[in-house]
Each structure stands twice: as C-alpha cells, then as structure tokens.
Amino acid sequence: MNRLRIIEALYRRPLLSRADLAQHARLSRATVSTLVEELVRVGLVEEHPGAAASGASAEGGVGRPPVLLSLVSRSAFAVGLDFGHQHIRVALCDLAGEPIVDEYSPADVDHAPVESLDLARELVREALRSCGVAAYQLLGVGMGLAVPINKATGDLEADGILPGWHGIRPAAEMEARLGIPVALDNDANVGALGEKAFGAARGVDDLVYIRLSAGIGAGLILHGRPYPGVAGVAGEIGHVLSDPSGPICRCGNRGCLEAVASPVAVAGLLERSLGQPLTVQRLLELVADGHRGARRAVAEAGDAVGRAVSMLVNVLNPELVVVGGDLAQAGDILLEPIRAAIERHSVAPAAGAVRVTEGRLGARAEVLGAAALVLAASPRALAARFDA
Ligand SMILES: [Zn+2]
C-alpha cells in the first residue's frame, strides 16, 4: 500500500524531492527513504542529482538542492492500438507516455475483423521485437475501435456502424492473440484521453473531444474522468438530428450529424459539383488551396457540428472543446463556424466559458489515448509486481 502511494505520487508528479514525496504520499520521511531505496534497487525509481539547479533553489544559493526522484520511464511500457475504418495504428509507449514505436498500416478493418486482429498482433510483436521490450515489461494493451461499446455487456453496438464486427469480442480476441490484458474503448473516448494526457487538453478537467473522421463521435471527460454513461455509449453525437430532410444515415435514422457533416459526407457534396470522386485528403488540399466550394462545404459542416456541440456546451458547461479527426486539419475554416454556432446557440455564461481548439496530437490522439488507458492504471500494476 505504501509502495503504491509512492509510485502514484511520482507518476502524477515526476521530479519530487524525498521531502515533497513524503508530503504528497502522506508517509513519514523514514518510510519514504526505506521504500525509495528498494524502488531504486529494483530499477523502478531513479535519482536526479542537481536536477533542481535550474529552479528556485539555484537562486537561493544556500546549500545543495535536494536530489529529485522520478519513475524510470523505460522500466515499463504500454501498447496503444487504434483500429480506424481503414487502418491500424500501433504505438509502444514508455511509462511517461513517450512513443518509442509508432507504426501505421492500411487495413480493411470494417469488413475483415479477423485479418485486422491478426495484423494488429503482428504489428505489436514487431514493435516489441524492434525495441527489445520483453513481455514482462509490458503493462498491457489499450485498444480503440470506431464503434460504440456497451460497457454493461462488453458487446459492440456494431449494427450499421461496423457491420463485419457483429458478435466479435475484440478485447478477448486480442488477449488470446497476445497473452496480455487488453483494455478496449471507443475511438472518440480514447482520443479524448490522448488529448488530455499528452495534447491540447492537458490540465483540463472538463472537456469534450469531437472526432470528425469517417464517423463523428464525442469523448467526454468530466471532473477529470472519462464519462462513459450507463451503457458506455455516451457521446454519440454523430447520431443526433442535424437536418430533418437530410440523407438516411448508416444507423437507419434520417439527417444525423454524421450523414451531414462527416468528412466523407462533405467530400460527397463536392463530388457532385466537381463531377469526380473526391478523397478526404484531396478535399483538405482543396481547402488549403482556397477552393471556394470546398471551403463552403467545410464551413457548413462546421456550422452543423457547432449547433450539435452548442447543446453539449449548454448541458455540460465544459471548459474546452477539442476538435480532432481528419477534418480538423481544415483549421479555422472549420473551427470558426463551430465557435460562431456555439456563440449563437449556447447560453452566454457557458459560451463565454468554453474554448474551442484543434487537437494537438492529430492522427495520433487515438493511439496515444489507447496507451493512456493502460498507463492510467500503471501505478497499481507496478506496485502489484512486488506481490508476485
Ligand atoms: Zn445516424
């Protein structure tokens, strides 16, 4: 228990002196000294003599600065797996969340789940092999999947969203392939975690992450914790009504936000006027080149997203809205209409309190957030090593 307190304190606040560590862990100096000695011996904690020299104590000039302690970031690792509709991404992260390997492979995830799971196994094995990380050094695998996941049953709500995955238990399948515990969550939820742990939402406790990719989803973090809802499907903003006369959505309803404003829907709008097929990448190039029609289409998508987000802003009163996914690359062409719609449709105190920003991690938000799923539980896993 005391070991866990020390590991937790150092995980949350790297570079603490023994005195500060005793205070944060609420332990006596003597207990801290004994346990730190043990943790240093087993290679889990390291000392940084003189690391404080650049801080306030250098100004004082009296006495030596205290030796600071931190966890050894390469003493344990976590794997993040991001299953998109058409790709698999793998990141091997150290304890500090630093990605040591970050690999991307195209894959027909939507229609070929078994092949995709097999491919993910190979990518993870290769990542471990290339860095010489042994299985015992791995804390676990976090996995993000572009589908709502029912927390109560563990089932995927795949109908119409990810049709090929019906009846598949991805976490169990991946565990069987790797022999390592796998934590599974929805892609927008892990994206929110990624931006909170390593990106635009660091230090923010109330935020909404909007992912604008093939689908549209929101990851909610309230009071510093992910908010999954009672069944784990909170944040399905892609399927709120946006336009009653809009197209039929893949979920079976009409005029969902996703059917109106997803990058694929926006590209589809332009295909008709351009008279040729348009990839999302090409759409973004046209926006960057100042193409009027492309900018208009993206701006209107921003307005539709903003109207939906304004409801979340009214209901949840978040501090920050982070916009991620492919379409976020359009920058202010997309973000300004989102901000304007929030300004127009949210109550003044909530609109005045919220900032809207682009994600900082780009396409890596989901894979790093998936690793963060595992890293968040790392103090407990590290302390448990001593019980074995
Ligand atoms: Zn829908």
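Leu117, Ala120, Arg121 and Val124 of helix 5 meet Pro170, Glu173, Met174, Arg177 and Leu178 of helix 6, where a contact requires C-beta atoms, placed from the backbone, within 7 Å of each other. By class, this contact of helix 5 with helix 6 has 6 nonpolar, no polar and 3 charged residues (Ala, Val, Leu, Ile, Met, Phe, Trp, Tyr, Cys and Pro count as nonpolar, Asp, Glu, Lys and Arg as charged, and the others, Gly among them, as polar). The model is a predicted one, in which local features need pLDDT of at least 70 and side-chain atom pairs count only at pLDDT 80 or more, while totals for chains, interfaces and linings use all residues. Residue numbers start from 1 along each chain as its sequence is written.

Pro181 sits in the loop between helix 6 and strand 8 (182-186). It has 16 C-beta neighbours inside 10 Å and therefore counts as partly exposed (20 or more other C-beta atoms within 10 Å make a residue buried, 12 or fewer exposed, and anything in between partly exposed). Beyond its neighbours within four places in sequence, Pro181 is in contact with Gly140 and Glu175. The C-alpha atoms of Pro181 and Leu139 are separated by 8.1 Å, although these residues are 42 apart along the chain.

Asn2, Arg3 and Ile6 of helix 1 make the contact with Thr31, Val32, Leu35, Val36 and Leu39 of helix 3.

For the chain as a whole, the secondary structure comes to 15 helices and 13 strands, which are DSSP runs numbered from the N terminus (helices H or I, at least four residues; strands E, at least two). Buried residues make up 46% of the 388 residues in the chain. The C-alpha atoms fill a box of roughly 70 × 50 × 40 Å, taken along the principal axes.

Definitions and conventions:
Contact = placed C-beta atoms within 7 Å.
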